[in-house]
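Hi,

Here is the structure I promised to pass on. Please open it first, then read the notes below.

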Amino acid sequence: MTATSYIMFRDVTAPTYTKRDPFRIDVVTGEYPSAGADAVVAAVEAAAHAFPSWSALPLQQRAGYLTGAAALLEQRLETVAAAMTAEMGKPIREARGETLRAAQILRYAASFAFRAVGQEFEQAGGGSVSVLRRPLGVVGLITPWNFPIAIPAWKLAPALMLGNTVVLKLAYDAPGTGLHLAAALADAGLPAGVLEVLTGRGAVVGDALTRDDRVRAVSFTGSVATGAAVREAVTGRGARAQLELGGQNPLLVMADADLDRAVTAAFAGAFWSAGQKCTATRRIYVEHAVYDDFKTRFLARVAAGKVGDPTDPETDVGPLVNEAQFDEVLGGIERGRDEGGTVLAGGAATGQGYVVEPTVFEDVADDAFLSCNEVFGPVTALYPVRDFDDAIERANATEFGLSAGIFTSSLATTLRFRREAQAGLLHVNSQTAGADVHVPFGGIKGSGFGPHEQGEAALEFFGETVTVYVDA
Ligand code: UN1
């Protein structure tokens, strides 16, 4: 079965668009419908129709579809990972990891079937009072290209477990990977209408989804600008919005850190997936006493990194997703230079596909573009700092608050970091990117809105709380 023959894949009669490989840019990786607003209406209709019977199913039956799909994704690992690498350029090693993570996300959500579904108390005057969660109805999910299977999985799995039905908009730049997730669920027997999948332009499909009154909640991951429009459209009509937006994530390296481990983490955090993660390391604050040492070792690691073909399992840094991102990242580097930054490594395209060399800056002013904005590519900057106080103040001085990391061997510094770092995800002695499936994921400040995703936090967004007083 090809992904495009998939039954829940709407609007096969719509005009299509072609998606190309960002490394081998003359290779077409797929042709996908560019759905119109009418397809959104039809998808919501189908999902609304499926809701009563889906939400009435026993929880363990709903879980069965997710574990069935997880097993299929594991069997199809190589096919799915290869599709991801081809359509959006994620190096194959990471694409495999993400596919397995998606399977794990489904299994984790399925485990809700074996947990308490609410709480029970005694009323003040006797009798019982319990607190339950009920599904909302139809929910809309708008997902990005940079984690084209993990993010659709982590939004849809808790939504489905709670008994909602889902209309999923896949990213314009990576629809093929998400269709493998939908196909796995369909092949596991998921009833028709429970998951409706749409491809096409965000400005058409995403927009219609946010405005449809029957869609009770919309979860969105993507840019700050689009997120603001989603929030306005969705909350403006009284529905729920959950936004996962950008980051400008700092890593602090203290003088007492294990520098080799810090270098490894800084490299992975800044450059894996070519820096196309909202959790990527954009600013590295290094305590003065070890700055030169860290810089030498970090630049050696950057020089040793393999750059280029994402299908090569040794590749660390592959291409950017498309020409627009490629131009934007090169523009960001240019601006970094214009504003006085010094390029210590990289700084240019390699000439193959949309690959940009891993780029390291220093001498970037605290108020310069690169220190304050998210450049979504393999670009990071080093900043010498006096001490922890200096580091944390500068680390916190952005509008974002997604992830922050520190390398230190001091318990006291760790405790201060836990208290003072302004981010929803804190990493002590690990890189700023990454997300375990069983704990909340999300940012504070300008990085997010609404309850966090993943872990049990996900249930809050996709369910409504009902308090039930029962007297005998
Ligand atoms: C990760 O760091 O593994 O879009 C996950 C993003 C985030 C997910 C990051 N929402 O990059």
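T380 sits in strand β14, which runs over residues 379-385. Keep in mind that this is a predicted model.

Is T380 buried or exposed? Its relative accessible area is 1%. The cut-off for buried is under 20%, so T380 counts as buried.

The T380 side chain also has a polar partner. One of its polar atoms lies 3.3 Å from the backbone oxygen of R282. R282 is also among the residues that T380 touches.

Now the ligand. There are 13 residues around the ligand. R101, N146, C278, T279 and G434 come nearest. By class, the shell holds seven nonpolar, four polar and two charged residues.

- T279: an N or O atom of the side chain is 2.6 Å from an oxygen atom of the ligand.
- G434: here a polar backbone atom is involved, 2.7 Å from a ligand oxygen.
- N146: a side-chain N or O atom is 3.0 Å from an oxygen atom of the ligand.

How much of the ligand does the protein cover? On its own, the ligand has 320 Å² of accessible area, and the protein covers 98% of that.

Best wishes

Key: Residues are numbered from 1 along each chain as its sequence is written. This is a predicted model: local features need pLDDT of at least 70, side-chain atom pairs count only at pLDDT 80 or more; totals for chains, interfaces and linings use all residues. Side-chain values use heavy atoms; hydrogens and water are left out. A residue is near a molecule or strand if one of its heavy atoms lies within 4 Å of it. A polar contact is a pair of N or O atoms within 3.5 Å; within protein, one must be able to donate a hydrogen and the other to accept it, and residues adjacent in sequence count only if both atoms are side-chain atoms. Accessible areas come from the Shrake-Rupley method with a 1.4 Å probe; for residues, only the protein chains shown count as cover. Ala, Val, Leu, Ile, Met, Phe, Trp, Tyr, Cys and Pro count as nonpolar, Asp, Glu, Lys and Arg as charged, and the others, Gly among them, as polar. Helices (H or I, at least four residues) and strands (E, at least two) are DSSP runs, numbered from the N terminus. Buried means under 20% relative accessible area, exposed over 50%, partly exposed in between (1.4 Å probe, protein chains only). Contact means heavy atoms within 4.5 Å. Lists of a residue's contacts leave out its neighbours within four places in sequence.
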